[in-house]
Amino acid sequence: MSDIFLSTVLTLDASVRVCVPLIFASMAGLFAERSGVVDIGLEGKLLMSAFIAASAAVVFGSPWIGLLAGIIASSVLAMVHGFASITYKGNQIVSGVAINILAAGLTMILSLAWFKKAGITPTLNNDQRFLSIDLPGLDLIDHVPILGVIYRELISGHNILVYLAFVIVPMVWWVVFKTRFGLRLRAVGENPKAVDTAGISVESLRYKALLIGGILCGIGGVYLSTAYNAQFVKDMTAGSGFIALAALIFGKWHPYKVLAACFLFAFLDAISIRLQGIVIPGVGEIPVQLIEATPYILTIILLAGFIGKAVPPKASAQPYIKEL
Amino acid sequence: MTRERRLSWINGLLLPFLNVLTAFIATAIVFILIGVDPIEATKILIYGALGYDEGLGYTLYYATNFVFTGLAVAVAFHAGLFNIGGEGQAYVGGLGTAIVALYLNPALSAWIVIPLAISGGLLFGALWAIIPAYLQAYRGSHIVITTIMFNFLASALMVYVLVNVLREVGEMSPESADFIKASWLPFVHDVFASFGYKIAKSPLNLSILVALFFSGLVWFFLWHTRWGYAIRAVGKSNDAAVYGGINPKKIIIVTMCISGALAGLVGINELMGVQHRLFLNFNYGYGFGGIAVALMGRNHPVGILIAAFLFGILYQGGAELDFELQNVSRDIVVVMQGLVILFCGGLEYLYRPILIRFLAPIEATE
Amino acid sequence: MTESNIAIELINVDKHFGAVHANDKVNLSVQTGTIHGIVGENGAGKSTLMSILYGFYQADSGQIKVFNKDFRAISSKQSIEAGIGMVHQHFMLVDNFTVLENVVLGSEGGALISESLANARIELTRLAKEYGLEVDLDVAIEDLSVGMQQRVEILKGLYKGAKVLILDEPTGVLTPQESDELFRIFEALKKQGVTIILITHKLREIMSITDNVSVMRAGKMVAHRETSKTNPEELAELMIGRKVLLNIKKSKAKSGSPALIAKNLEIMNEQGLKRVSDVSFEARSGEILGIAGVTGNGQGTLLKALAGILPISKGSIEIMGETITSNNTLNPEQLRNLGVAHVPEDRQRMGMISEFTASETALLGYHNDKTINQGVWLKRASVKANCESMMEAFDVRPSNPNLMSSNFSGGNQQKLILAREFERDPDLLIIGQPTRGVDIGAIEFIRKRIIEMRDAGKAIILISVELEEIMSLSDRIVVMCDGEITGTVNGSEADEATLGMMMANALESEDSLKGAKV
């Protein structure tokens with residue numbers, strides 16, 4: 001009994017850790033898509049930020065400089081996306097694909113140039129990483145049955161970026177639904193003309209949304225290479241950006257629902273490792289690949305309208321062209 | 001020159017040329033940033049790709065894959081669809097080829113086996129595209145998102161199949177048994193040898209003829225058949241197509257099947273031509289590369305052949321760079337792909353305002 | 001009139017869009033507290049002019065004064081601050097926002113919206129009472145009727161402090177009742193000192209509601225009049241630029257047998273809303289049946305159903321011996337094969353493909369034709385030759401089949417489409433807005449060709465929002481209002497007054513219109 005309990009807690013704990021980059025990336029995507037700009041490039045921004053953050057952390061010896069560098073790297077890519085899709089009214093999907101591929105190539109080329117190894121940075125020591133922190137009161141509660149384990153394994157003992165991820169979500173909700181910026185953001189994704197004729201600049205709103213997205217995505221990337229892992233390795237995002245996109249759709253562009261989707265997908269990822277080789281009576285061995293593919297399958301089913309309907313912001317993917 | 005003629009020159013040739021040039025310049029800047037002399041790098045690259053038989057063979061061999069995926073993306077573009085799923089369709093297409101090439105009676109003639117194995121690739125590639133197509137046409141799910149998801153599904157499926165089904169007993173690496181001999185596409189150097197010409201060995205095989213054949217076929221199909229007309233009509237104006245009695249839903253399905261089938265041909269080159277077995281990630285990067293090729297080739301088969309050749313040069317020359325210079329790897333090709341997609345795709349209108357301003361005084365005098 | 005009385009003054013305002021001279025040195029002055037009409041045909045430049053005033057576009061040159069102060073807008077922000085509000089033809093509302101949120105958007109006041117919304121609620125309740133503009137503030141826009149949405153647009157303008165309100169074709173989408181309600185609101189606004197600029201091409205509205213009227217034609221401002229000192233005939237002449245309206249000579253129709261019989265049709269539009277109900281009529285060979293009505297009263301939906309683009313949900317259509325019902329549909333291609341030609345209402349979006357060459361546009365709908373196909377091969381030489389002969393027959397200029405369709409003028413595009421549809425010798429022609437956005441010369445040409453087709457024994461169904469066009473061409477006229485037929489008259493007996501009454505459904509009881517949500 002206690003084994004199953006502990007194992008459940010540990011799986012949930014693993015889910016939390018996997019969830020973090022998904023949260024940052026999907027919140028980034030939320031800002032972009034709410035403003036009417038489709039962001040396929042989340043994956044590339046995560047990757048670029050992960051690489052630049054690890055590089056900066058190694059060179060300057062501080063995770064905080066890594067954080068800053070990662071955010072800047074991701075934001076630069078976000079602005080490239082903005083330049084193409086807002087200022088030059090290019091195809092947003094094409095531009096996003098370009099960013100993903102560019103990031104995949106640049107991380108390889110730059111790591112070779114900087115560290116003499118393609119696709120890998122030196123391992124970060126503890127001074128260069130974000131380490132786990134024990135929350136206060138751990139000693140007091142540690143001996144309490146059940147609660148103690150939950151507190152120790154699940155709630156305490158994460159690094160600062162994990163806590164930030166869970167604080168970010170209500171903040172995003174508040175910004176999107178309670179502020180002037182949020183009102184305009186939601187409006188510009190639905191009907192940019194209404195925003196323009198209300199005397200608000202569509203372009204500036206969309207740039208702001210993408211910049212916020214760039215920053216958030218940047219933090220997600222930083223987490224991957226300086227907190228979750230201790231170095232950058234080739235293609236370390238492994239599709240997180242696309243899972244985040246799936247979570248964004250699955251959560252219907254609403255912060256809390258997106259958070260739930262992120263957690264669901266992270267949980268599937270966490271149990272897929274644990275279920276490897278385990279035979280379920282009457283069913284047989286569940287292929288790991290099937291569990292890994294579940295987020296994608298669920299998203300496709302949702303998109304197909306078989307379970308509810310995911311309707312994106314009306315103006316998404318359409319460049320705003322001023323005409324009557 | 002009339003205004004229309006001038007505009008078509010600008011939009012058709014000058015702007016695309018400037019866009020490609022910008023992508024090259026940006027790549028050169030990346031070279032400089034990593035401490036590599038771009039001119040020297042270009043020399044090595046060109047020599048490695050074109051300077052000797054073997055290099056040229058590799059270049060054309062890589063180009064063959066890009067022709068298939070480039071055509072796949074282009075056909076979909078003509079119907080107004082963005083097929084990002086080339087990666088997955090190529091992968092699953094390879095499975096179709098493999099099934100035929102593994103399980104047909106080894107005694108059969110190559111004249112039967114090869115067409116069937118090619119058809120296997122076409123069929124499985126098409127099948128992998130048909131669900132996203134159906135969901136787009138009849139359920140309104142955005143094809144970009146669904147094809148992305150299908151790339152990941154393809155990846156999961158292929159790992160499962162290779163590890164659990166096709167892997168031979170006692171083998172560690174997830175790959176299939178060897179294909180039957182009759183399914184092997186001859187290497188070009190062997191073909192030449194049989195006519196008495198000796199050229200260096202390279203993976204270049206007769207798939208390149210298949211690629212040329214399908215380029216011609218796509219060209220004929222899009223511009224010289226009523227179905228091609230219907231596809232282009234849907235791509236340009238859905239309402240007008242409906243008015244003209246064309247059913248856009250059917251067109252979406254048909255076009256995506258063609259697109260997926262073309263992507264499914266990557267396996268012909270990689271599996272039937274070179275490796276003679278199915279293995280993990282043989283498709284890696286060609287699906288996305290196809291987007292760059294299609295954008296650079298302006299979605300026209302001739303342009304695609306040129307762009308695919310260029311990417312072949314980059315792939316092969318990039319390998320040479322890897323070998324010759326310490327500071328750069330062939331991943332520079334990936335950077336280049338990204339830049340081509342950015343400047344020929346996302347930023348395709350970059351120079352238009354400047355050109356329009358430049359032209360305004362000329363037009364005013366007319 | 002004294003200086004201080006002028007709310008808006010435009011001096012030599014000029015605007016080009018590429019090669020199009022949308023506004024050619026336009027002058028206008030609007031007196032404070034009046035209702036000022038601006039009339040002109042489609043494409044005369046009225047909307048562009050008002051969009052410049054509203055800061056949506058910037059003029060190339062010229063001067064604007066608002067309440068005697070020099071005014072320059074780089075976006076709508078400056079216009080709103082100067083006290084100008086605009087109700088666009090297509091409403092600028094966010095569908096999934098509430099009325100309150102829509103009104104507040106752009107003038108929130110603070111960084112947090114809860115306070116702004118609370119303040120706005122008080123202010124809006126006051127405004128609504130003052131002007132009789134009651135609307136539920138917490139309903140989403142998508143759940144409101146078009147008339148109510150327009151009310152929200154007006155409220156939005158007032159909330160932002162508009163002293164001058166511009167309305168662009170406000171009645172185009174309204175039922176007659178909603179229009180009357182709108183005019184009542186105009187009076188209320190005028191009483192409170194609000195200046196109203198009304199853009200329209202409907203002369204009846206100008207005559208009944210405005211104080212002054214300015215006329216635009218082909219980008220130029222051609223006349224200013226006091227409404228009480230002018231009449232519809234003079235305004236029409238100024239708008240069109242000729243003494244008499246185009247009156248095509250035609251002989252008496254030799255009506256033959258019915259080519260199309262529509263019985264009790266009910267049709268839903270693309271969004272699934274019922275736009276046509278219980279419509280029955282027949283079209284005979286050798287005769288032109290005109291279908292008249294205010295834009296958006298179901299004629300467009302009817303046209304699409306007759307052409308096979310939309311299915312019918314009730315009733316039947318008999319064409320050439322085939323019967324179309326909700327279960328037995330024919331697609332546009334099958335209808336073409338039966339000898340039905342269709343000139344769509346929306347030339348740009350439906351009739352042609354701008355990015356196709358002229359010869360490809362001339363193929364639209366006929367790409368499966370046996371004469372140009374040989375096996376799988378589409379013979380481009382034949383396609384080109386076909387297009388050349390069409391261009392010659394209909395005097396399309398420039399007569400170059402390889403030119404992009406978008407590079408032809410509106411009139412020439414329309415002639416090419418007509419050529420495509422007329423040249424295959426159909427038995428039934430369904431024609432929508434044949435002369436919309438077409439220059440005068442082409443209008444005459446097109447109308448003559450339609451009459452020629454009639455005289456050649458074809459059955460013609462003509463849908464037009466231009467009453468004058470309907471009257472000059474039709475042998476019989478059916479009038480539609482709110483999706484139903486509200487009257488049928490013989491072409492020779494039709495007069496504008498009767499048709500107008502029927503278009504507003506004033507001859508019938510008004511029960512059928514209650515609860516109409518367009």
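How many helices and strands are there in chain C? Chain C contains 17 helices and 22 strands, where helices (H or I, at least four residues) and strands (E, at least two) are DSSP runs numbered from the N terminus.

The structure is a predicted model, in which local features need pLDDT of at least 70 and side-chain atom pairs count only at pLDDT 80 or more, while totals for chains, interfaces and linings use all residues. Residues are numbered from 1 along each chain as its sequence is written, and chains are lettered from A and ligands numbered from 1 in the order in which they are written.

The C-alpha trace of chain C spans about 70 × 50 × 50 Å along its principal axes. Chain C is divided into domain 1 (3-240) and domain 2 (258-508), with bounds that come from an automatic or database domain assignment. The centres of these two domains, taken over C-alpha atoms, are separated by 34 Å. Of the 518 residues in chain C, 48% are buried. A residue is buried if 20 or more other C-beta atoms lie within 10 Å of its own, exposed if 12 or fewer, and partly exposed in between, with C-beta atoms placed from the backbone. Two residues are in contact if their C-beta atoms, placed from the backbone, lie within 7 Å. Among the contacts in chain C with a separation of 6 or more, 68% are between residues 24 or more positions apart.

Chain A has 13 helices and four strands. Its radius of gyration is 20 Å, close to the 20 Å given by the globule rule for 324 residues, so chain A is as compact as a globular protein of that length. The C-alpha trace of chain A spans about 70 × 50 × 40 Å along its principal axes. Buried residues make up 54% of chain A. In chain A, residues 24 or more positions apart account for 76% of the contacts with a separation of 6 or more.

Chain B touches both of these chains. In the contact with chain A, 40 residues of chain B meet 36 residues of chain A. Helices α5 (110-139), α6 (143-166), α13 (286-296) and α15 (332-346) of chain B each supply at least two residues of this side, and α6(B) gives the most, with eleven residues. By class, this side of chain B has 27 nonpolar, ten polar and three charged residues. Here Ala, Val, Leu, Ile, Met, Phe, Trp, Tyr, Cys and Pro count as nonpolar, Asp, Glu, Lys and Arg as charged, and the others, Gly among them, as polar.

The contact between chains B and C takes 15 residues from chain B and 25 residues from chain C. On the chain B side, α9 (226-236) and α10 (238-243) each supply at least two residues, and α9(B) gives the most, with five. This side divides into six nonpolar, five polar and four charged residues.

A nonpolar core is a set of buried Ala, Val, Leu, Ile, Met, Phe, Trp, Tyr and Cys residues joined through C-beta atoms within 7 Å. The largest nonpolar core has 391 residues, of which I23(A), F24(A), A247(A), I341(B) and I166(C) touch the most other members. Helix α3 (residues 53-78) of chain B gives the most to this core, with 15 residues. Domain 1 and domain 2 of chain C each contribute at least three residues to this core. Leaving aside residues up to four places away in sequence, I23(A) touches A165(A), I168(A), V169(A), L259(A) and C262(A).

Methods: Rg over C-alpha atoms; globule rule 2.2 N^0.38 Å.
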